[in-house]
Amino acid sequence: MDYDNDGDLDLYASNRVGENQLFRNDGDKFTPAFAGAGINDPRPTVGACWLDINGDGRLDLFLANQSGAADAVWRNDGTAFTDVAAALGMAGPKRTAAEGGVGCSVGDFDNDGLFDIFVAAYGRNLLYRQNANRTFTEVGEALGLGVENTAVGADWGDYDNDGYVDLFVTAYENRQSRNWLFRNNAGKGFVTVLGRESFMNVADHGVQFVDYDSDGGLDISATGQTRAHFLFRNTLPDEAKRRSLSVLVLDASGRHTRFGAEVRLFDAAGRVLASRQVPTGGGYGAQGAAPVHFGLASMAPVTVEVTFMTKNGRRTQTVQKVDPAAYRGKSLIIREAR
């Protein structure tokens, strides 16, 4: 991610046994930034998700903290960071020392154009839905995601290409994998579709949706704490896999540095169809892929809008009348204008 919008990638390292650290990219080296202050949170952190929470064009930071600690939302004020989790109601529930946030994942589950945050936890999982006024409401339990578990990783992805992102959560019980695949019911709630006896209950830490074979269906990469790395191929019918669009966002020089950019699809009437964020990092034992994947309810032409974070705030670029069928097996590439 590029926290200072200077065009190069910076690095944030979370630490579950010591202070976190933000490193600024200075070209030929990385320099510790904001040493001993704010953003370098001393609480036991595992999950770190960057996104523009307040719409000012700067990436803010959500931290999922373990061992009973409250979670954090560090608002990027340009020259400093301020923890606004309590004010936003996003510090998490009261926890015991054995509970806490672990992984986090950013997605627009209800296709309203606003990004929501899922928190995989030791204890009850959380889903923060973003409201139109940039506040958040915790709706995990109400929508079927707030299960009690020992969850580690999570990733959003539209595995059935119906136009709504689903959610895969890695977890374990009694040292055995107990994973969850939640199918999104058109933004109204989630249904569990992975049984206890599923062959996918084998990896309990990292998870990533990725279309590794470029056939239009999202596959799942998963890693365990002690077992091997697993790759599960999506077996949707070919007709369903065709209802998809991959978008690759690059900077003006053609480099993969625009992590945190927002991509939205609109129909002919200007209605938001879906939103994706170019991933800003990976979860526990996982790393996001650069192209973003959209499942589609139909193959009608769409407008693709990309919002870049810049020194001058949010800047959008659009590509109109995109025919998804023309990008079968490849990505629509959108390069940031100079």
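Colleague: How many aromatic pairs does a search of the whole structure find?

Modeller: The search finds 14 aromatic pairs, and bear in mind that this is a predicted model. One of the pairs is formed by Y3 and F81.

Colleague: What makes the pair of Y3 and F81 tilted?

Modeller: The ring centres of Y3 and F81 are 6.2 Å apart, and the cut-off for a pair is 6.5 Å. Their planes stand at 45°; stacked needs under 30 degrees and edge-to-face over 60, so tilted is what remains.

Colleague: Where in the chain do Y3 and F81 lie?

Modeller: Y3 is in the segment before β1 (11–13) and F81 is in strand β7 (residues 81–83), so the pair links distant parts of the chain, 78 residues apart. Y3 and F81 are both buried. They also belong to a cluster, linked by ring pairs, of Y3, Y12, F34, W50 and F81.

Colleague: And why is the pair of W180 and F182 called stacked?

Modeller: Their planes are at 0°, which is under the 30 degrees that stacking requires. The ring centres of W180 and F182 lie 5.7 Å apart, within the 6.5 Å limit.

Colleague: Are W180 and F182 buried or exposed, and how do you know?

Modeller: W180 has a relative accessible area of 10% and F182 has 0%. Buried means under 20%, so W180 counts as buried, and so does F182.

Colleague: What sits over the ring of W180?

Modeller: That is the charged end of R178, 4.0 Å from the ring centre; the distance limit is 6 Å.

Colleague: Now the cysteines: how do you know that C49 and C104 form a disulfide?

Modeller: Their sulfur atoms are 2.3 Å apart, and the rule asks for within 2.5 Å, so C49 and C104 qualify. By this rule the count is 1 disulfide. C49 belongs to strand β4 (residues 45–51) and C104 to strand β8 (residues 100–107), 55 residues apart.

Colleague: Why is the disulfide of C49 and C104 called right-handed?

Modeller: The torsion about its S-S bond is about 115°, so the disulfide is right-handed. With relative accessibility of 8%, C49 is buried, and C104 is buried too, at 10%.

Colleague: Last one: what makes H293 buried?

Modeller: H293 has a relative accessible area of 12%, and the threshold is under 20%, so H293 is buried. This residue lies in strand β23 (residues 292–295), and a polar contact of 3.4 Å joins its side chain to that of N161.

Key
Residues are numbered from 1 along each chain as its sequence is written. This is a predicted model: local features need pLDDT of at least 70, side-chain atom pairs count only at pLDDT 80 or more; totals for chains, interfaces and linings use all residues. Side-chain values use heavy atoms; hydrogens and water are left out. Helices (H or I, at least four residues) and strands (E, at least two) are DSSP runs, numbered from the N terminus. Buried means under 20% relative accessible area, exposed over 50%, partly exposed in between (1.4 Å probe, protein chains only). A polar contact is a pair of N or O atoms within 3.5 Å; within protein, one must be able to donate a hydrogen and the other to accept it, and residues adjacent in sequence count only if both atoms are side-chain atoms. Rings of Phe, Tyr and Trp (its six-membered ring) pair if their centres lie within 6.5 Å; planes under 30 degrees apart count as stacked, over 60 as edge-to-face and the rest as tilted. A charge sits over a ring if NZ of Lys or CZ of Arg is within 6 Å of the ring centre and within 35 degrees of the ring normal.
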